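Thanks for coming. I will go through one structure this morning, sheet by sheet and then helix by helix. Please have the view open while I talk.

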Amino acid sequence: MMSRRRFLSLTAVAALVPGRGQAADWRGIGFGAALSLRLVGGAPRQTARAFRKVEQEIARIEATASLHRDSALTRLNRDGHLSHPDTGFLALLALAGQVHHATGGAFDPTVQPLFLATATGGDLAAARALVGWQSVILDAQEVRLAPGQALTLNGIAQGWAADRIAAVLRAEGFDHALIDMGEVQALGRRADGLPWQARVLTPEGRALADLPLSDRALATSAPRGTLIGAGVPHILGPQGQPPLWSTVSVSAPSAALADALSTAFTLLDRPAIDAALAAFPQASLVALA
């Protein structure tokens, strides 16, 4: 999973506020990137416990969705099927299917063979023939792929991770936190009582939008932020179509949804983006360039 945090600038004030307490920061590594979160309030022992729970949850997320270690995802890709999938993993794949449908197929996790062929100079025509979410079978007993298929969750898993961490923190009694797992989930408010603040940047560092975040997520996709193969943007359409936009940012209650939509929207024209947003009325387009 690749980090796109360079395209967000986050403001996290640590001032002491009566009745709310000091903010505490955690930084770590996961999903191949630097991760961070800021908690507001809580006694030191409660905060330390929450940070341990976060680290445990990150390990579980990687054991589910990482492409770079033994995980449920790598076993599914290797074997073509996964028996008795974890309910969280199944829900993540179900959301991927919903976004696939709403975006007219632009969001398609079965693009992984095409991604690899593009990155390594492989057979692009053969890889394109393997792409097709409609061939993926999901049920509580098994996830099954068509022969030769493989999934990537790079366009949704970082947002899913932010949502999972938010659930952990709420269970630990924290209602105010800024969670940056590559995509951002903001709970409550900053230590000074104001909403968390985010600025969306282009890959060149130009500011596109500023917005407050409170109990809401933000995801930004910039296809040329990472290049593969012979300088190809890392976000590919299901048949290898290049992106239409350089930077897309989406806000939604769920970071997984915002992540998936921002990924897909890089491949869609504005009327198609608006049509997809109609399927998710709580999501909104923040920046498009």
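Let me begin with an open sheet of 3 strands, in the order 4-6-5, with antiparallel pairing. Strand 4 (81-83) and strand 5 (137-138) are at its edges, each with a single partner strand, so one side of each has no neighbour in the sheet.

Before going on, some ground rules. This is a predicted model, where local features need pLDDT of at least 70 and side-chain atom pairs count only at pLDDT 80 or more, while totals for chains, interfaces and linings use all residues. Residues are numbered from 1 along each chain as its sequence is written, and side-chain values use heavy atoms, with hydrogens and water left out.

As for terms, helices (H or I, at least four residues) and strands (E, at least two) are DSSP runs, numbered from the N terminus. Two strands pair if DSSP finds at least two bridges between them.

Back to the sheet. Strand 5 and strand 6 (residues 142-144) run antiparallel and are joined by 2 bridges. Within that pair, Leu 138 stands opposite Val 143 in strand 6.

Helix 2 (residues 72-79) lies across strand 4 and strand 6, and runs at about 125° to strand 4. For angles like this one, axes are lines fitted to C-alpha atoms, for helices over the stretch in contact, and the angle is taken between N-to-C directions, from 0 to 180 degrees.

Which residues of helix 2 are buried? They are Ala 72, Leu 73, Thr 74, Leu 76 and Asn 77. Buried here means under 20% relative accessible area, exposed means over 50%, and partly exposed is in between, with a 1.4 Å probe and protein chains only. The cover over these residues includes helix 1, strand 4, helix 3 (87-102) and strand 6.

Take Asn 77, which lies in helix 2. Its relative accessible area is 18%, so Asn 77 counts as buried. Leaving out residues up to four places away in sequence, Asn 77 touches Leu 67, Leu 145, Gln 149, Ala 150 and Leu 151. Contact means heavy atoms within 4.5 Å. After helix 2 comes Gly 80, with a positive phi near 85°.

Next is an open sheet of 7 strands, ordered 2-3-7-8-11-14-15, with antiparallel pairing. Strand 2 (23-30) and strand 15 (284-288) stand at the edges with a single partner strand each, so one side of each is left without a neighbour in the sheet. On average, neighbouring strands of this sheet are turned by 15° against each other, direction ignored.

Strand 2 pairs with strand 3 (residues 33-40) in the antiparallel sense, over 8 bridges. Ala 24 stands opposite Leu 39 in strand 3. Helix 1 (residues 44-65) packs on the sheet and touches strand 2 and strand 3, and its direction makes about 25° with that of strand 2.

Strand 3 and strand 7 run antiparallel, joined by 4 bridges, and there Leu 39 stands opposite Ala 177 in strand 7. In strand 7 (residues 177-180), Ala 177 and Ile 179 point one way, Leu 178 and Asp 180 point the other way, and all are buried.

From strand 7 to strand 8 (residues 184-187) there are again 4 bridges, and the two run antiparallel. Asp 180 stands opposite Val 184 in strand 8. The hairpin of strand 7 and strand 8 has 3 residues between the strands, and in it Gly 182 takes a positive phi near 100°.

**A loop residue: Thr 247**

Thr 247 sits in the loop between strand 13 (232-233) and strand 14 (248-252). Is Thr 247 buried or exposed? It is buried, at a relative accessible area of 0%. Beyond its neighbours within four places in sequence, Thr 247 has contacts that include Val 200, Leu 201, Pro 203, Thr 220 and Ala 287.

**Helix 6 and helix 7**

Last, a helix pair. The axes of helix 6 (residues 157-171) and helix 7 (residues 255-265) come within 7 Å and cross at roughly 165°. That makes helix 6 roughly antiparallel to helix 7; the cut-offs are under 35 degrees for roughly parallel, over 145 for roughly antiparallel, 65 to 115 for roughly perpendicular, and oblique for the rest.

On the helix 6 side, the contact residues are Ala 157, Gln 158, Gly 159, Trp 160, Ala 162 and Asp 163, and they meet Ala 255, Ala 256 and Asp 259 in helix 7.
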